[in-house]
Amino acid sequence: ISCILLYIEFFVLIFLKVITKDKGGLFSFYKNPVILIFHWIITISIWIIWEIFVIKMNDKAKMSILNFSFKRNAALFLIISIIISIIFSKIISGEIKMKICLEKMGFEKMYGKTWSVPLITLQIFYYFSELFLVSIIFFVFQKIGEEITSLTFLPWGGIFIGIYWGLAHFFTGHAKAAFPLFIFSILIGFFTLLGNKNFFILYLSLIFLYIL
């Protein structure tokens with residue numbers, strides 16, 4: 001379900017196009033900042049509702065998949081993972097400036113300074129909720145891989161996310177980012193395992209990758 005919900009934004013986009021009777025391309029009414037804001041609010045709301053449900057189910061489960069307890073030994077692996085995230089963020093983007101700053105500049109150029117503030121704020125919330133969902137998917141596939149193979153030392157979640165992201169970027173015209181993202185996913189997967197599968201090691205690493 002989490003994998004399906006990751007693409008819910010496209011269904012929201014189609015829904016908005018139907019009710020607004022827009023006859024352009026799939027992304028044509030992104031020129032309207034109001035529609036873009038509605039699109040993000042609906043998408044983020046759906047993701048957050050599902051994530052809250054997953055957290056509650058995880059707390060009730062006898063064998064929980066998500067580990068939110070942060071122990072001291074996880075701190076070192078968190079620091080290493082964040083450093084790796086920053087390095088790969090610069091490799092993938094090819095820019096020195098923070099990605100979130102570049103996106104704000106893009107919003108200013110396209111919609112003006114007035115709209116850039118609410119748009120970049122929603123963009124950050126969008127990343128936070130999307131990457132939380134990606135983290136859930138990571139740990140689900142980590143559990144599946146371990147159950148099937150009994151090999152608990154391999155980052156099955158990282159392998160899946162790496163293939164998923166790699167192929168997604170390859171087929172959407174960002175082939176140069178595909179391999180670095182795959183390597184990044186494997187590395188972060190290993191450090192997440194070394195940090196006792198701590199949720200925040202993975203989640204914060206992904207946030208730093210996207211924002212910096």
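Q: What makes the second largest pocket a pocket and not a cavity, and what is its volume?
A: In this predicted model, the second largest pocket has a volume of about 300 Å³. A pocket is an open set of points, whereas a cavity is one from which a 1.4 Å probe cannot get out.

Q: Which residues lie closest to the centre of the second largest pocket?
A: They are Trp50, Val54, Ile65, Ile136 and Val140, out of 17 residues that line this pocket. Three helices, α1 (2–5), α3 and α6, each supply at least two lining residues. The top contributor is α3, with five.

Q: What classes of residue make up the lining of the second largest pocket?
A: There are 14 nonpolar residues, three polar ones and no charged ones.

Q: How does the largest pocket divide by class?
A: Its lining has 22 nonpolar, seven polar and four charged residues. The volume of the largest pocket is about 1300 Å³. Of its 33 lining residues, Glu9, Tyr126, Glu130, His169 and Tyr210 lie nearest the centre. Glu counts as charged, and Tyr counts as nonpolar.

Q: Which helices line the largest pocket?
A: At least two residues each come from α2 (8–20), α3 (33–60), α4, α5, α6 (113–149), α7 (156–170), α8 and α9. The largest share is that of α5, with six residues.

Q: How do you know that the length of α4 agrees with its number of residues?
A: Helix α4 covers residues 72–93, which is 22 residues. At 1.5 Å a residue, α4 should span 32 Å. The end C-alpha atoms of α4 are 32 Å apart, so the two values agree. After α4 comes Gly94, with a positive phi near 70°.

Q: Why are residues such as Phe77 and Leu78 of α4 called buried?
A: Buried means under 20% relative accessible area, so Phe77 and Leu78 fall below that cut-off. The buried set in α4 also includes Ala74, Ser81, Ile82, Ile84, Ser85, Phe88 and Ser89. The buried residues of α4 pack against α5 (99–111), α8 (175–194) and α9 (199–211).

Q: What makes the span of α7 agree with expectation?
A: The 15 residues of α7 should span 21 Å at 1.5 Å a residue. The end C-alpha atoms of α7 are 21 Å apart, which agrees.

Q: How do you know that the buried residues of α7 are on the same side of the helix?
A: The buried residues are Gly157, Gly158, Ile161, Gly162, Trp165 and Gly166. They cover an arc of only 145° around the axis, so they sit on the same side of α7. An α-helix has 3.6 residues a turn, so residues three or four places apart point the same way. The cover over the buried residues of α7 includes α6, α8 and α9.

Q: What lines the largest cavity?
A: Its lining includes Gly157, Gly158, Ile161 and Trp165, along with Phe184, Ile188 and Leu202. The volume of the largest cavity is about 40 Å³. Helices α7, α8 and α9 each supply at least two residues of this lining. By class, the lining has seven nonpolar, four polar and no charged residues.

Q: Why does the lining of the second largest cavity count as nonpolar?
A: The residues are Cys3, Leu6, Val134, Ile137, Phe160, Ile161 and Tyr164. Cys, Leu, Val, Ile, Phe and Tyr count as nonpolar, so the tally is seven nonpolar, no polar and no charged. The volume of the second largest cavity is about 30 Å³. Helix α7 gives the most to this lining, with three residues.

Definitions and conventions: Residues numbered from 1 in each chain as written. Predicted model: local features only at pLDDT ≥ 70, side-chain atom pairs only at ≥ 80, totals over all residues. Heavy atoms only, no water. Helix = DSSP H or I, 4+ residues; strand = E, 2+ residues; numbered from the N terminus. Expected span 1.5 Å × (residues − 1). Buried < 20%, exposed > 50% of the residue type's maximum accessible area, 1.4 Å probe, protein only. Contact = heavy atoms within 4.5 Å. 1 Å grid on protein atoms, 1.4 Å probe; cavity = no way out; pocket = protein on both sides within 12 Å on 5 of 7 lines; lining within 4 Å. Points joined across faces, edges and corners; volume = space filled by probe spheres on them. Arc of directions from axis to C-beta.
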